[in-house]
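Please examine the sequence and the structure before reading on.

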Amino acid sequence: MFNYKDVLETIDMIEREHLDIRTVTMGISLLPCIRATAEETARCVYDTVCKKAENIVKVTGELSREYGIPIVNKRVSVTPVSLICAPFADKSALIGRALDDAASELGIDFLGGYSALLHKGMADYEQKFLLSIPEVLASTDRLCSSVNVGSSKSGINMDAVALMGRIIKDTAKATADRDGFGCAKLVVFCNAVEDNPFMAGAFHGVGESDTVINVGVSGPGVVQHAIEAIPDADLSDLAEMIKRTAFKITRAGQLIAKEAAKRLNAQFGIVDLSLAPTPARGDSVAQILEEMGLECVGTHGTTACLAMLNDAVKKGGVMASSRVGGLSGAFIPVSEDIGMIEAAEKGVLCLDKLEAMTAVCSVGLDMIAVPGDTSADTISAIIADEAAIGMINNKTTAVRIIPAPGKRVGDQVNFGGLLGRAPIMPVHESSASKFIRRGGLIPAPIHSNKN
Amino acid sequence: MRAVVTVVGKDKTGIISKVSTFLAERKVNILDISQTIMDEYFAMIMLVDPSGSDMELAALAEECQKMGQKIGMSIHVQHEDIFNAMHNI
């Protein structure tokens with residue numbers, strides 16, 4: 001029989017501390033869908049996704065009720081679409097719309113994989129594909145796009161970086177009536193992972209099997225509560241407490257992942273150990289850092305706190321799951337975290353500090369709104385900086401940035417729901433255009449030569 | 001498959017009776033039961049076997065929650081594995 005403490009702790013975590021399974025994401029290979037024409041391929045893509053994921057909403061609903069733990073998002077990721085439509089890249093948008101229609105039919109919130117992998121070079125068909133992104137993101141609701149522009153093994157493709165600055169600007173322009181919302185569905189990666197369940201950066205890698213279930217857990221509120229309970233602990237004890245908490249959270253994720261895979265007739269892929277915040281109070285990574293002893297996130301000491309948190313989460317999580325993958329770390333999306341929003345509004349949290357934080361945590365500059373007149377080259381330079389951090393440190397980094405049309409520092413954008421709201425953050429005004437326009441490849445670092 | 005029923009709320013007479021009758025009517029067998037008062041709050045944990053019931057666990061959980069609201073208690077019914085996973089190595 002279970003003891004009261006354990007049972008009531010679990011119920012408290014769920015009811016008061018926002019413990020939930022953040023996403024159950026089904027990865028689906030689209031490679032068998034390639035046909036002679038774009039039209040036939042689009043039809044097959046739609047049918048395949050609808051068939052494979054037809055029960056995802058039903059099954060996750062059942063699991064959620066049986067185990068008494070909320071499963072917030074049901075999602076699908078697919079093979080990078082640029083590969084599927086290589087023979088007819090001019091018509092990539094057709095595939096994008098078919099995927100969006102499938103997502104809508106399934107009742108899932110996002111579908112990821114309108115993606116391209118350009119970390120070493122960019123073929124003509126890939127360039128055509130990239131140029132379709134702004135219009136496709138403007139004309140679809142649930143489709144997410146990501147582009148990998150660098151890796152520790154191959155270096156950084158600066159031609160792709162330069163082009164992505166323009167694509168992001170164009171996407172913002174194409175969705176100007178919604179404050180550039182399209183950019184919230186577009187991520188630029190270095191060292192993208194093939195089994196990430198989180199959006200907007202999820203895609204189903206070509207090294208994956210046919211149909212896979214990847215699960216992302218959450219629980220910043222649970223970690224914050226655990227830290228609150230030991231206000232005078234030293235940092236070793238704090239790290240230990242975070243580890244123990246991460247273990248419990250991850251075990252819940254592992255259980256749901258295995259059961260979901262079984263019921264959906266898919267392979268169990270990975271559990272992603274990320275601490276993913278939401279705009280709700282008490283579900284914030286920033287508030288964990290503040291609970292650790294910072295007056296406001298973004299001040300001196302933030303990077304150290306985040307490094308410790310991120311590492312402790314991984315140590316606890318790794319033991320709890322038989323397969324760990326995805327991005328696994330603490331997310332710091334500004335608009336999706338109430339503590340980050342408030343710190344940015346106060347001016348304590350700035351872009352430069354966020355960049356430093358990304359060197360020690362899971363992803364990168366995420367959901368950051370900048371002035372609408374920020375140039376494409378400046379955005380490319382921001383991407384290059386992030387990619388460099390990822391490349392040199394052998395970690396995934398990403399940029400999801402919104403140059404909100406017509407907005408200036410002091411304004412804010414509001415996307416609602418999980419995507420939250422973001423104050424417009426200032427960028428440096430000095431130009432990096434000459435550097436960006438040089439193009440070419442930043443060679444892979446010396447430590448990539450491990451063979 | 002076994003499930004854990006948790007009943008928490010302000011203490012009053014007849015809670016165990018109401019909950020166990022409710023479960024019996026739905027052919028849910030109680031395997032183990034443990035109850036205490038913590039800071040004036042009633043807390044009960046039951047280990048049950050719902051296999052004799054016609055209801056799916058998810059539906060049973062929903063009904064119990066509604067019944068709990070009627071008697072002013074918070075009632076959860078969850079697959080036991082969520083607790084096994086989180087609290088046992």
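## Terms and basis

Two strands pair if DSSP finds at least two bridges between them. Helices (H or I, at least four residues) and strands (E, at least two) are DSSP runs, numbered from the N terminus.

The model is predicted: local features need pLDDT of at least 70, side-chain atom pairs count only at pLDDT 80 or more, and totals for chains, interfaces and linings use all residues. Residues are numbered from 1 along each chain as its sequence is written, while chains are lettered from A and ligands numbered from 1 in the order in which they are written.

## The sheet of chain B

In chain B, 4 strands form an open, antiparallel sheet in the order β2-β3-β1-β4. Its edges are β2 (29–38) and β4 (74–79) of chain B, each pairing on one side only. From one strand to the next, the twist averages 15 degrees (angles run from 0 to 180 degrees between N-to-C directions, with axes fitted as lines to C-alpha atoms, for helices over the stretch in contact).

Strands β1 (residues 3–10) and β3 (residues 41–49) of chain B run antiparallel and are joined by 8 bridges. B:K10 stands opposite B:Y41 in β3(B). Helix α2 (residues 57–70) of chain B packs on the sheet and touches β1 and β4 of chain B; the direction of this helix makes about 170 degrees with that of β4(B).

## The contact between the chains

Chain A gives 19 residues to the contact and chain B gives 21 residues (two residues are in contact if their C-beta atoms, placed from the backbone, lie within 7 Å). On the side of chain A that touches chain B, α1 (4–15), α3 (56–67) and α9 (235–263) of chain A each supply at least two residues. The largest share of that side, 6 residues, comes from α1(A).
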